[in-house]
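Dear colleague,

Please find below the sequence and the structure that I am handing over to you. My findings follow directly after them.

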Amino acid sequence: MRHARRRVVKRVTRLTAAGGLICGALMVTQAAMATEPTTSPPATRSAVLAASGTGNGLVTELGSERTAGTWIAEDGEPVVAVTDEKAAAEVEKAGARPKMVEFSGDDLRSATEALRSAPRVSGTSWAVDPASNEVVVRADSTVSKKDWSSLTDLAEEIGGSVRMERTEGAYTMRLNGAQPIFGTGGRCSIGFNVTDGENDFMLTAGHCGPAGSVWFSDNQGRQEIGRTTESNFPGGDFSLVQYLQDAPSNKTNVVSVGDGRGVRITSVGEAAVGQRVFRSGSTSGFRNGEVTGLDATVNYPEGTVSGLIETTVCAEPGDSGGPLFSEGVALGVTSGGNGDCEEGGTTFFQPLSEALDDLGVQLTGLPQSAARPTAAADGSSDDDSQGAAAPGTAEPGSLESIGAASDLLDRLADPRNVGPGLLVVAGSMVALAATRFIRTEQDRQAYRRQYSQTWS
């Protein structure tokens, strides 16, 4: 009975070791394939941005006298605000959904121009909401009753195209990723890695610091990583920080979202009203929300910024400059807003395409065609992509682990690396050798016992 149990144990051990060899070999093969240098994946076409391209193309074609903007409905279909029945018919023919409205795009633009020409009031913002066919003016808690009254009188003079709203908190630039960077003015977040073809840069918010600002990777100022070479603020809100020659520059097109994970960026695009978007920052981490307006203007205490993306994504001090993206498409960098990530609030983003064009750079790690803005407003889209996915179901993009190669133990613990596979193979070979040795030794002892009994 004892010999039978031994035979069973030996057989199970041999089978387990053989299986370990096979599994280890597969792990090594997969890890080797995963660590081979590969080119960036092809740019993906977002269904939401394709639908937005259809809507924007119709607005451009029909003109601002007959249309008043476009947005993406909850079912993913493009909607175009129109002012006459003929325009509505053309929108339907193009595969989009028309909505009759009172005010044209020219009316809404005239309202925003009147607001810009009025005396500047810090703590206010406005953006066009195409779905409600209004210019929404918001005033935070710092705006006095006198200024609020003056704004209300101005809105009444402009007419019914303006809606006034009070909002809690105060509009602030989210100074103090997105990985954190530290400067004399506070902490910000890296937005995207960019290049001019010769030098490597990081793109962040313009209010983080003027040209010449020095940035460090730690808050003690021990490791300098770069200096601001160009900055646009106020007016816009973006800046370019050149990596030092000896700094650990990051040439990847993956943006950090926390917990050792990142999202791979595959292209650059324009945001669409109604789109679900994602943001990462060094203070509040990974968050999501919805685009509620475009071409927004914010009167920060430090200056006025126009042309921004208005969203319901929360942000906090230190998140400034962090990346905005959706479905692997880069959209913008964090500018500022009000509220926090406990109560919620409004956050504004500098559109990425405008910053790239102004600075003459492109995203790192992407082919030329994908590193520049993809057409979201040119009217081109694939018919089978329209409405393929509702904006609320959009995902951030391809998630993957990052930064695991900085430590040997991390490398061994990473199932994508060769280490675990080699360990399994080595352990299996040791087990096979051990079972072979044990079997040989047992056979030798059995032979000796038989020989001894024969000649006893």
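This is a predicted model: local features need pLDDT of at least 70, side-chain atom pairs count only at pLDDT 80 or more; totals for chains, interfaces and linings use all residues.

S15 and strand S16 (residues 261-264) run antiparallel and are joined by four bridges. Which residue in S16 is the bridge partner of Gly258? That partner is Arg261.

**Aromatic pairs**

The structure contains three aromatic pairs. Tyr171 and Phe348 make up one of them, with 5.8 Å from centre to centre and 70 degrees between the planes. Planes over 60 degrees apart count as edge-to-face, so this pair is classed as edge-to-face.

Phe278 and Phe286 form a pair whose ring centres are 5.8 Å apart; their planes stand at 15 degrees, so the pair is stacked. Are these two residues buried or partly exposed? Phe278 is buried, at 3% relative accessibility, whereas Phe286 is partly exposed, with a relative accessible area of 29%. The cut-off explains this, because buried means under 20% relative accessible area. Together with Phe325, Phe278 and Phe286 form one aromatic cluster.

**The second largest pocket**

Rolling a probe the size of a water molecule over the atoms shows where empty space is left. The second largest pocket has a volume of about 800 Å³. Its lining is made up of 30 residues, and the closest to the pocket centre are Asn56, Gly69, Val128, Leu294 and Asp295.

Several elements each supply at least two residues of this lining: helix H2 (47-62), strand S1 (67-72), helix H4 (105-117), strand S19 (285-300) and strand S20 (303-311). Which element gives the largest share? S1 does, with six residues. By residue type, the lining divides into 16 nonpolar, 10 polar and four charged residues.

With kind regards

How values were computed
Residues are numbered from 1 along each chain as its sequence is written. Side-chain values use heavy atoms; hydrogens and water are left out. On a 1 Å grid over the protein atoms alone, a cavity is a set of points where a 1.4 Å probe fits but cannot get out, and a pocket is an open set with protein on both sides within 12 Å along at least five of seven lines; lining residues have an atom within 4 Å of a point. Grid points are joined across faces, edges and corners, and a volume is the space filled by probe spheres set on the points. Ala, Val, Leu, Ile, Met, Phe, Trp, Tyr, Cys and Pro count as nonpolar, Asp, Glu, Lys and Arg as charged, and the others, Gly among them, as polar. Two strands pair if DSSP finds at least two bridges between them. Rings of Phe, Tyr and Trp (its six-membered ring) pair if their centres lie within 6.5 Å; planes under 30 degrees apart count as stacked, over 60 as edge-to-face and the rest as tilted. Buried means under 20% relative accessible area, exposed over 50%, partly exposed in between (1.4 Å probe, protein chains only).
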